[in-house]
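Biologist: Let us examine this model by question and answer, beginning with the terms. Please display the sequence and the structure.

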Amino acid sequence: MSLQVPAAPSKPRLLSACSDEELLDGDDSEDTLRLSPSATVKDDDSELGTVVMMGWLEKYSPQGVLGFQKRWVRLEVDYLRYFEKDKEVDSKGFICTASITHVNSVGDVKFEVVTNNRTFVFRADSEARKNSWVMALHDCVAGRHPQGTVSALPTADHQGYLDFRGFKGKVYVVVAADKVFLYKTQEDQRIGVGITYINMNVGNVKETDQRSFDLTTPYRLRPFSFVAESEQQREQWVEAMRGAIDAALSNCDVAEQIWAEPSNSRCADCGAAKPEWAAINLCVVVCSQCAGEHRGLGPSISKVRSLKMDKKVWTEELIQIFLLIGNERANTFWAQNVPPSEALSAASSSADRRSFISNKYRQGKYRNYHPLFGHQRELDSALCMNVQSSDLLETLSLIFCGADVHCSTQMATWDSPLALAAAHSQSLQAELIGLNLNTELPRLDVGGASDPVHYSAPPCVSHNGFLFKTASVSRAVAERKAREEFTRRWCSLNDGCFSYYESDKSSAPNGTMKSSEIVCVAVNPPDKHGYEHTFELYSESKRLYLFGTDEADSHRSWVKSIAKSFIPPWAEPLLSLDFERIGRLKCKDGLNLQTSRVGWFALVGSTLHAHLAPGQQEELHLRRLSELSIQRDNEVIVLVKKGRTLYIEGERKLDFAGWCSAIEVAGRSGEDTLTEQQLTEDDVPVTVHSCISYITQCGLTSEGIYRKSGVNSRVAALDERFRRDARSLCLRDGENQVDDVSNTLKRFFRDLKDGGLFTQDKTFWLSTTGIQDEGQKISQYRQLLCRLPPVHKATLQALIHHLHCVQCFSERNQMQSHALAIVFGPTLFQTDGQDYSAGRAIEDLIEHYTHIFQVDEQRLKRDLEEIKYIIKLRDSLNTKFPASEPGGHFLCTVYLNEKTDEAEGSIKIPGAMTAAELCSAFLNHKLIPVKEEEFWSCWEVSDKEETERPLHYRERPLPLVHSSGTNAYLIVKNHLVMRDMVRYLADKKDVSKSGSLSFKPERNILGLDLSSFDDRYFILNSSSLRMFKDVLSNSPEREWPAKNLQVYLGIKKRLHPPTCWGLTVVCERKKHGRADRQQCYLCCTSRTEMIEWFASFYSVQNDGDVWPKEGLQRAVCPGPADLRLGNVSLIPLRGSANEMRNSVAAFSPEALAVSEVTNPGSQSGGQEGDGARLPARLIGSEMFTRVQDVSTSCRSEHLCSIIQLWSHLDVIVGF
Ligand SMILES: [Zn+2]
């Protein structure tokens, strides 16, 4: 067994001391030590604090004479020690981790620990255990080596050979600080391989003879008995060892003194108990593991000292500083803004420690910024003032926020802050400044190779060989590179570096890159370039290196080796994949949108494998996501899978662009086979799902549905759109025609490759039609159905379900199953339609749908009832609002310029009418000509809220009219705001906007309005609006999805906005499963600023399309009206679910009554009860969210949303 750092060390030490066997071979039995209960026994917790890992291993004996021997092995930060038994205190041997040069996995469960002179072989009992040992050793070694300068090994106070009673010959003894080390030889001491060491805090020394003396410890029955060469030498030894005891005891005192401040008894970084180290210039007390990472930062950043060993450092002043500041207060500066996800615990991995400590002190990422940050003169003079006082924390804050400790005080006598402090008898201030005279200040912009954040020591990988290489470039390689453009290079991957040389004889590389700087490896398809096999290597410094070879094996092993060299061990499963692209990307997901982290990704076919954290891995099937949007400009890829969202952020343009293209291609439908389509979660191609949903919504009453042909050009266009990206295409009532869609669906099936829907089994299906016995026939169909691949099966069922529903309404659409079968038989079986066998098969499937597909009849019945309800709702809307035209219109009041009786006009608003059309129609009606450079637009105005906003020209005003009730009305006006917005946006290159605004949240739930307008810093980009405490904050206080926001000009005066240029922002989104409506207010300092913000929102929400390019008039030319589709459903989309319900109820009471009957068994959407009469599933918060989901791209898609909403409801289409 092996243990990671023990939480509660076992304490059977004293007991074991009594049964302790001799550690060294010996026969001395007389000279036993009587342990008195009051012996200098100390709890050894402190020592265990340095243990990284321990457990049983087998160790290969030195010359192999004894083979493998069982040893209890304990890895401490500074030493790897092995014991005969797990309870022993004195080891058989130890190796200083500082002298370990390599740790290698060898053989199955063995690993070697290599020092300069010796190799130790250990064997674990499993591969996993071996790996954890190797990793732990790597970490220890890596943590120690980077800077090389700082060694925890104290220098020797006294050393030499001594006769050791009971041991064959002499031992080399070293007294250093508070320990006594035993080595076999002096050479062993030099190379860091010894027998054991004694912590002198438990030691006792006494002379026993002229030349001999004993060192006793409570853990041993017998003392260590030494014989010196002379009495004089013995005296020197005894003095040195007593010195070590003093050191051990007095050092304990430093620690005890420091820990007297309670917060110092916990590591400032990870919280581990009894930390024995300190970063003296940073004023934090840390544990040994964190101290290791501090050392890694280098002494110019962190000066690490031991509380126990470096006794000379701990002056009275320094101790006082640590007592006065203390970890807790120090962290109010250093760790003011630590996101919970980044915080360390005592059990954190060394990789996490490394990144956290680097973030905290090297970058100062979590600092509490001094108010004067960035103002050098002010900082300097504040420092000069402050050092005359006793406020040490302020000095710390000033220094690490940029105040110059060497600045001029403008005083001749005391020309530096140090002198000034001394002159004012502030010796602690002077000490603190003195410690930081050469400190490297935190730099947030530390990035690139020196940023170890993403990097945890990978296993050692080495690989050599010739490759062909082109010159590195800083852009994607689109063109084919001929063989002549490649040069032969000797390449070598070693010691965490990838280098290429002129030849295998060259000693100096032509170029070299640390593995940690490689961010991505992409494998090109064969024959993309002159060499058959090529791969691209992307570096942190945004360079792309192209390598090629003709040998597939060499190519593969290079790709794997390079990938292995930069992938952290926990993401290594990715290496076993046959990836096209592998690398790291910044990402964040639903649980933590504030902070992004580094994830490791590999793309294989249409699957993206992601390792987001140790133990957190997942596969994202790019063709099955509910959303895949690639926003190159914002450098974000958004992946939505079953409601969970993963954002991938572009950190470096070059490799991110590569990922974008690869993911985009991978997420598209592939060949014309069913399985390579973009699929829904139910395995149905998105194209089929969209078409069926649309027909269910809009086409079930359409006469001759599926028989009539659509307009060829439109069908071709739809087909093309679906092929390009089916997921992004939203079929809209009013925009798409029923017959176009129905024909697109037929075309989809007809064009399928690989035998289409029935695969190669077509003939079996067709021959089944001939079976006379009905039962036999059905069972044959069932068998055939089971033989279909899952996607084919799901698709067939979805389609037949749909056709079954269509023929249920044949009274209206005139399409009985026979008629449908005539159409679909040849289409699905891809036959010429000469004979009816294909049709008969489809007719069988429709007729015997419930039996062949073993459908739950209750469920089918419910689905049909819901469809009836939809039809009835549509019908009732048509009759309730009769119109002269078949489309069905509403008569609405619209005002010209302002709300007065004279300006009033009534206008018919068909559901499909856009704001631009309304505007144009209204102006025509009022006989107002539209001139060039006029920005007539339709505005939604609310007197109650004192807000207004221009509708987007493509937005449909009708739902607004219904949802706003008496609160709002429509005004058509030629408003300057619109003109100024268009002008502002015309010059704006970037969609995003940032700046300070006065912010006020909506009053809380109790109606208490305690908040006032406060300054906040906002950043708007195409995906979100983020709010920060101030410009320097790293993580946003709040974040809103940009497209869920509805922004209005104006703020209620009652709220006392600081200026009259304000915006009211409404955000509706799902929160804890419920629709949540928030309202807040943003106030600007000038009209210009307000216009700019408003325009930015407007632009973001409409994807930059804010004003019709050809002008208002052109935007209103409606296409040929489809008379069947003039109507729209009337569920308004704003307001709560309640409002929606009421609003719907108001329109069609009879239709709603139907649903009461139809929906007895469905699960309730929540909060109903007061006679909700829509099916719960239609109006619950669930549905509301759907609306939010699909309407994200544009407000004007409201109507489409309704359709989409319905089509999303599985209850209707019934998959
Ligand atoms: Zn710690």
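Predicted model: local features only at pLDDT ≥ 70, side-chain atom pairs only at ≥ 80, totals over all residues.

Modeller: Buried means under 20% relative accessible area, exposed over 50% and partly exposed in between, with a 1.4 Å probe and protein chains only. Residues are numbered from 1 along each chain as its sequence is written, and side-chain values use heavy atoms, without hydrogens and water.

Biologist: What arrangement do the four donor atoms form around the zinc ion?
Modeller: The protein donors (N, O or S atoms within 2.8 Å of the metal, or 3.2 Å for Na, K and Ca) are the SG atoms of Cys267, Cys270, Cys287 and Cys290, at 2.2 to 2.3 Å from the zinc ion. Four donors count as tetrahedral if all angles lie between 85 and 135 degrees. Because the angles here are 104 to 120°, the arrangement is tetrahedral.

Biologist: How many residues apart in sequence are the parts tied together by Cys270 and Cys287?
Modeller: Along the chain, the zinc donors are spaced as C-x2-C-x16-C-x2-C. Cys270 sits in the loop between α5 (231–259) and β17 (277–279), and Cys287 in the loop between β18 (284–286) and α6 (288–297); helices (H or I, at least four residues) and strands (E, at least two) are DSSP runs, numbered from the N terminus. Cys270 and Cys287 are both buried. The pair therefore ties together parts whose separation, in residues, is 17.

Biologist: Is Glu540 buried or exposed, and with which side chain does it make a polar contact?
Modeller: Glu540 occupies the loop between β25 (533–539) and β26 (544–549). Its relative accessible area is 13%, so Glu540 is buried. A polar contact is a pair of N or O atoms within 3.5 Å, one able to donate a hydrogen and the other to accept it within protein; residues adjacent in sequence count only if both atoms are side-chain atoms. At 2.6 Å, the side chain of Glu540 makes such a contact with that of Arg584.

Biologist: Which helices do the buried residues of α11 pack against?
Modeller: Eight of the nine residues of α11 (residues 392–400) are buried, including Leu393, Leu396 and Phe400. At its N-terminal end, Asp391 is the cap, with a side-chain oxygen 3.3 Å from the backbone nitrogen of Leu393. The buried residues pack against α7 (316–324), α8 (326–334), α10 (376–386) and α13 (427–435).

Biologist: Why is α23 largely enclosed by the rest of the structure, and which helices do its buried residues pack against?
Modeller: Helix α23 (residues 817–829) is largely enclosed because 11 of its 13 residues are buried. Among them are Leu820, Phe824 and Pro826. These buried residues pack against α18 (738–750), α19 (762–768), α21 (790–808) and α24 (837–847).

Biologist: Which residues does Gln807 touch, not counting those up to four places away in sequence?
Modeller: Gln807 belongs to helix α21. With a relative accessibility of 17%, Gln807 counts as buried. By contact (heavy atoms within 4.5 Å), Gln807 touches Met815, Gln816, Ser817, Leu820 and Ile846.

Conventions. Tetrahedral: all angles 85-135°; square planar, octahedral: opposite > 155°, others 65-115°. Bend = angle between axes of the 7 residues up to and from the residue.
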